[in-house]
Amino acid sequence: LVVACFAVLLNLLAFSRTSMSAPKVHYVTVRTGPNIAVVKYWGKRDAGPLNLACNASISLTMDNTDICAQTTVATSASFQEDRLWLNGTEEKVADSKRISGVLAQVRQRCKDPAVAAQHIHIVSRNSFPTAAGLASSAAGFAALTVAVAKLLGVQDSYPGELTTIARMGSGSACRSLSGGLVKWHLGEKDDGTDSIATQEAPESHWPIDMTILVANAAKKHTSSTSGMQNSIKTSALMAHRVKFCVDDRIERLTKAFLERDFNTFGQITMQDSNQFHAICLDSFPPIFYMNDVSKQVCRLVAAINEVAGEIIAAYTFDAGPNAVVFSEPKNTPRVRALFKHFLSLPASGSEGEVSADEIAAVAKAFGFEPLAPGQVQKTYLTQVGSGPLVLDHTSGEGDKRLTSLLDPETGLPAEEFSLQLPEPAAE
Amino acid sequence: EIHMATVSAPTNIACIKYWGKASIPLNTPINSSLSVTLDQDDLRAVTTASASLGFQSDRLWLNGIEEEGASTSKRFRACVDRMLELAGDKIDDKSGSVLVAKSEWKEMRVHISSYNTFPTAAGLASSAAGYAALVYALAKLFCAKESYKGQFTAIARQGSGSACRSLYGGFVAWRMGSNPAIDGSDSIAQQVADENHWPQIRAVILVVSDSKKDTSSTAGMSTSVQTSELLKHRAHNVVPKRMADIEKAIAEKDFDAFGRITMMDSNQFHATCLDTYPPIFYMNHVSKLIVRMVHVYNDWAGGTIRAAYTFDAGPNAVLYTLDQYQTELCALMLHYFPSTDHTNYINNNDMAAQARDYQLDEGLIQAVDNIGIIPQTGDVKNIYCTKAGPGPQTLGMEHANIDIHTGFNTYKPH
């Protein structure tokens, strides 16, 4: 009996030692906003994985409380392999060179080799449709980079270093590592270490509202990567843009932003969006990202500005038909009221009053009947916002509003989260 | 006595586009351009120009309707006054006596009546045909002579820029001139090759439905010149080489090169319109479907170019092709843009029948279906099948639009 009790005691001790030394899960959640370029990046200057651009670009970061990529990354000695869940579906990390690349880049900078060798689980969700020109790659890779860096204790060893890693995931992702007005510098080096993103003005400098009009949430025909390389090869106008137009526009637009000059900011923004789409049209075969609804939005904004006597609304389009329309808060209610009328949108609660006279004046300048309901499929309302929000769940350090997408007990996506998030994206 | 001359003149469709004036008063361009003159059997302007000491004032009828204020319109005046300066003696064929001395013409007023055999609303460059017909008719009426080759085209140019290219048949260049901002005398059209040089060339024109009138060319190109940075680069650096390349392609009857350059130049023109502030959108959804279909068609054919699209300042598509592919191309368009009313949908009854009977390759239809295009009636209003053709022609008295006794318009649209 004594031997049996002693054996049981030994077993109990062994069991409790195992549970006491069960490998811990260290996990971090990051939320980032997409960014929308106001002077566009289009074209890589290198063929390899560095994602170096032909020209510099600048963007405004969107407020990540409204539209975001949210990513939880976890590492543990108990994890058997790197795993990835994107918008509820498990994907193979090895299938994505970009994601594997970001992981490798951060790991090689991790000072603790034991930690660097551990496997990582990644759970990520976008609150808006993927691959429809709403900068989903940018937000996602920015979140991934910041999250894995935080997880592995990696920081900038020189200003902007982490932005170069995000850039390698997806070029414009580098711009989502800061809030406000952000510049992605061209850089001169072949290794891309100086092709970094820096904040030119914080989000607090000039509140700018954004009205996003989704003209078609379907997957786009031409991916950005192949499209931009087609443009480099075939557009006779592209080299001129890169050499003569972009830098001057970045300079003038940055100045306008710092001076809070919406008239200038708006005009350059619209011109650069149109020039980007002009380059796409000048490619062979031509790339059409804007559709008929997009064009109606352009015409409507021109009409609104004409009646206002100055630029109060400014559109920009990325590689897709969706419009982001900027306005200053004092004009937003009026702009949104006119959009509601002429684009047949449901009320959002943020529309202001607009007189019958003004509607008549805009109608005359616009020259078209209001669009049929549903032509603009969805609207998102947001504003210029901050850089990434970070929470280290394990240490408790960071923004405590963030919820983990991963269950640390299982190392797998948290069940309840897949039910909560209102906008799971469709592939 | 009423003196009269009746002519017909063609329209033309540019392969290298004119967009932007170097001088507005002179109507000279910032770059050269090149077009194909289309066959007058299918599309033409018919103009009678008449002059008489008995006429009270200059009068103009277009498609049967009198144009108020025509006599003072800058374009009309430019054509009439410049042609008067080149007027010659009208000599009796038989007796050799002078019926009208050259100095007498300017004492007379003119009555002009012109109509197009294709609707103005079709956006098929009716101005070009119209002003070419006007200048040619006046040349015949006034027995005018050029003091240098191309001088008549310089005058037509002042009526409407691209009209200068309609004064010759076949493949025609409009040379921008050595100093277009200041001097328009050498901003003239020149025939690159006549209509018999490359007899296999065909055109299939799709008149696309559109809900709104387009931005006028004159206003549009002015805004482009003022605001598009890419347009300057196009004019200085891109067009000169394209002109040389396309002329070489025409000389060598290289449809692959001809087609590629034509499509790229159409796209670049529309790109500069988009780069304008505010932007100009001439192509619509249907135009873009046609572009994508042509790329699929050429890819399906193994990467050689069977069809080449080009779009002017409007949504209509002109598809250049070779005679051996014209029926197939027409059948393809008919498949995806069927008509609700079969009569008059295609201008040429023989082509219409052939296109309807043509068996399109299943692989081709699959390929177009795969990019998401579905047959849709109403997208295309009608189709013209045509080819390259000659310059303006003199017509007999039986075609006159003006009554020889009264001097009034006799044309009524039907």
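Let's start with one side chain: A:D292 is partly exposed, with 33% relative accessibility. Here, "partly exposed" sits between buried (under 20% relative accessible area) and exposed (over 50%), worked out with a 1.4 Å probe on protein chains only. Before going on, some ground rules: this is a predicted model, in which local features need pLDDT of at least 70 and side-chain atom pairs count only at pLDDT 80 or more, while totals for chains, interfaces and linings use all residues. Residues are numbered from 1 along each chain as its sequence is written, chains are lettered from A and ligands numbered from 1 in the order in which they are written, and side-chain values use heavy atoms, with hydrogens and water left out.

**Salt bridges**

A:D292 has a partner, A:K295, and the two form a salt bridge. That term stands for a side-chain nitrogen of Lys or Arg within 4 Å of a carboxyl oxygen of Asp or Glu. Both residues sit in helix 9 (residues 292–308) of chain A, three residues apart, or about one turn of the helix. Helices (H or I, at least four residues) and strands (E, at least two) are DSSP runs, numbered from the N terminus. A:K295 is buried, at 6% relative accessibility.

Over all chains, the whole structure holds 28 salt bridges. Here are some of them:

| Pair | Closest N to O |
|---|---|
| A:K295 and A:D292 | 3.4 Å |
| B:D39 and B:K387 | 2.9 Å |

What does the pair B:D39 and B:K387 tie together? It links parts that are 348 residues apart in sequence, because B:D39 lies in the loop between strand 5 (33–37) and strand 6 (45–52) of chain B, and B:K387 lies in strand 17 (residues 380–387) of chain B. B:D39 is buried at 8%, and B:K387 is partly exposed at 34%. In the A:E90 and A:R83 pair, A:E90 is partly exposed at 39%, and so is A:R83 at 24%.

There's also a network of salt bridges that links A:R241, A:R249, A:D272 and B:E229.

**Nonpolar cores**

A nonpolar core is a set of buried Ala, Val, Leu, Ile, Met, Phe, Trp, Tyr and Cys residues joined through side-chain atoms within 4.5 Å. The largest one here has 85 residues, and those with the most contacts inside it include A:W42, A:L213 and A:F265. Helix 8 (residues 262–281) of chain A gives the largest share of this core, nine residues. Leaving out residues up to four places away in sequence, A:F265 touches A:V38, A:L60, A:W206, A:L253, A:A256, A:F257 and A:F326. Another core, of 74 residues, lies apart from the largest one, with B:I13 and B:Y297 among its members.

Notes: Contact = heavy atoms within 4.5 Å.
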